[in-house]
Amino acid sequence: MEKDALIYVAGHEGFVGSAIVRKLRCLGYRNLLLRKEAELNLTDQAETRLFFQRGAPEYVFLCAEKVGGILANNTYPADFIYQNIMIQTNVIDSAYRNGVKKLLFTGSSCSYPKMCLQPMKEEYLLSGYLEPTNEAYAIAKIAGIKMCQSYNRQYGTNYIVTMPANLYGVNDDFDPRDSHVIPALLRKFHKANLSKEDVVIWGTGQPKREFLYVDDFAEACIFLMNEYNSCEIINVGSGEDISIAELANLIKQVVGFEGSIVYDQTKPDGMPKKLLDVSKIRSLGWKAKTSLEEGTKATYDWYKESGSAQ
């Protein structure tokens, strides 16, 4: 991407989009096309097409999406499948119709099968059944992946797809109904520190997850936009995983919590293990820089300073 190229970041107010905007500006990209959700409804086809016609972006980072943790995914499957399919369909098609040079679509590691071989290689997509608790979201993401690949094959577009590990970091969602693992645990431990109560965690604590600091992911997205041009999806992760129980103990130390941790085994665990094979992106010269401890501390500091911890 040229430094003066017109770049549209869809979902720039969101968790991933805001990190990409921060990184773009840090690298000297200043010609950014940004629209708030209140200004542009990407689930509306006509509105999205008109925006692309008038705005004429050259590059697109498609980060706009409805996201949430296991509770939100399991409770609102219709919202997750409808909103995500509508957003990505409208943006991808409008990008094609208006001659966008390149588009990056953010997929999700939860699109891999529930009992996927570990570590998960890119070719394992659609090799088995999905995890039921996030099936609707995963199917929407798979539709976006296949749409990018189909447009590349039929129309010769240059749309690339990233498959990030579980993301966390600055500007994360700490709402107890929608948050992912790390912000949910940080909030629980912080509140328990104030109330002097035990921390209750869903499941057994045995499942293992891989986490990636969102600023590292933003850096990877810009790197891939400049260096990667394949139709094949590409994993983006740290290459290391940790059990939920180990993560809970790490967050306990970060927060300074001195109480007890209780595991509610009546609640679902989700996928037993999710670790990405990141050999492809490492062969291109990119590797995550932020350790889990460093990133968790930075996320907790932001949480306290943002006013969300009240």
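**Exercise 1. In which loop does Leu126 lie?**

Solution. Leu126 lies in the loop between β4 and α5. Helices and strands here are DSSP runs, numbered from the N terminus (helices H or I, at least four residues; strands E, at least two). Leu126 has a positive phi of about 65° although it is not a glycine. Pro119 is also found in the loop between β4 (102–106) and α5 (135–155). A cis peptide bond joins Gln118 and Pro119, with omega about -10°. For background, most residues other than glycine have a negative phi, and most peptide bonds are trans.

A note on the model: it is predicted, so local features need pLDDT of at least 70 and side-chain atom pairs count only at pLDDT 80 or more, while totals for chains, interfaces and linings use all residues. Residues are numbered from 1 along each chain as its sequence is written, and side-chain values use heavy atoms, with hydrogens and water left out.

**Exercise 2. Describe how α8 meets α10.**

Solution. Step one is the geometry. The axes of α8 (residues 244–255) and α10 (residues 292–306) come within 10 Å and cross at roughly 50°. That makes α8 oblique to α10. (Angles under 35 degrees count as roughly parallel, over 145 as roughly antiparallel, 65 to 115 as roughly perpendicular and the rest as oblique.) Axes are lines fitted to C-alpha atoms, for helices over the stretch in contact, and angles run from 0 to 180 degrees between N-to-C directions.

Step two is the hand. The crossing of α8 and α10 is right-handed. (Right-handed: the near helix is turned clockwise from the far one by less than a right angle; left-handed: anticlockwise.)

Step three is the contact (heavy atoms within 4.5 Å). From α8 come Leu247, Leu250, Ile251, Val254 and Val255; they meet Leu292, Glu293, Thr296, Lys297 and Tyr300 in α10. By class, this contact of α8 with α10 has seven nonpolar, one polar and two charged residues. (Ala, Val, Leu, Ile, Met, Phe, Trp, Tyr, Cys and Pro count as nonpolar, Asp, Glu, Lys and Arg as charged, and the others, Gly among them, as polar.)

**Exercise 3. Work through the packing of α1 with α7.**

Solution. Start with the angle. Helix α1 (residues 15–26) and helix α7 (residues 214–227) pack at about 65°, their axes 8 Å apart. Their crossing is right-handed. Now the residues. Those of α1 in the contact include Phe15, Val16 and Ala19, and those of α7 include Val214, Phe217 and Ala218. The contact of α1 with α7 has 10 nonpolar, no polar and four charged residues.

**Exercise 4. Find the largest cavity and name its lining.**

Solution. A search of the whole structure finds one cavity of 30 Å³ or more. About 30 Å³ of space lies in the largest cavity. (On a 1 Å grid over the protein atoms alone, a cavity is a set of points where a 1.4 Å probe fits but cannot get out; lining residues have an atom within 4 Å of a point.) Asn166, Leu167, Tyr168, His180, Val181, Ile182, Pro183 and Phe211 line the largest cavity. β6 (166–168) and α6 (181–195) are the elements that give two or more residues to this lining. By class, the lining of the largest cavity has six nonpolar, two polar and no charged residues.

Definitions and conventions:
1 Å grid on protein atoms, 1.4 Å probe; cavity = no way out; pocket = protein on both sides within 12 Å on 5 of 7 lines; lining within 4 Å. Points joined across faces, edges and corners; volume = space filled by probe spheres on them.
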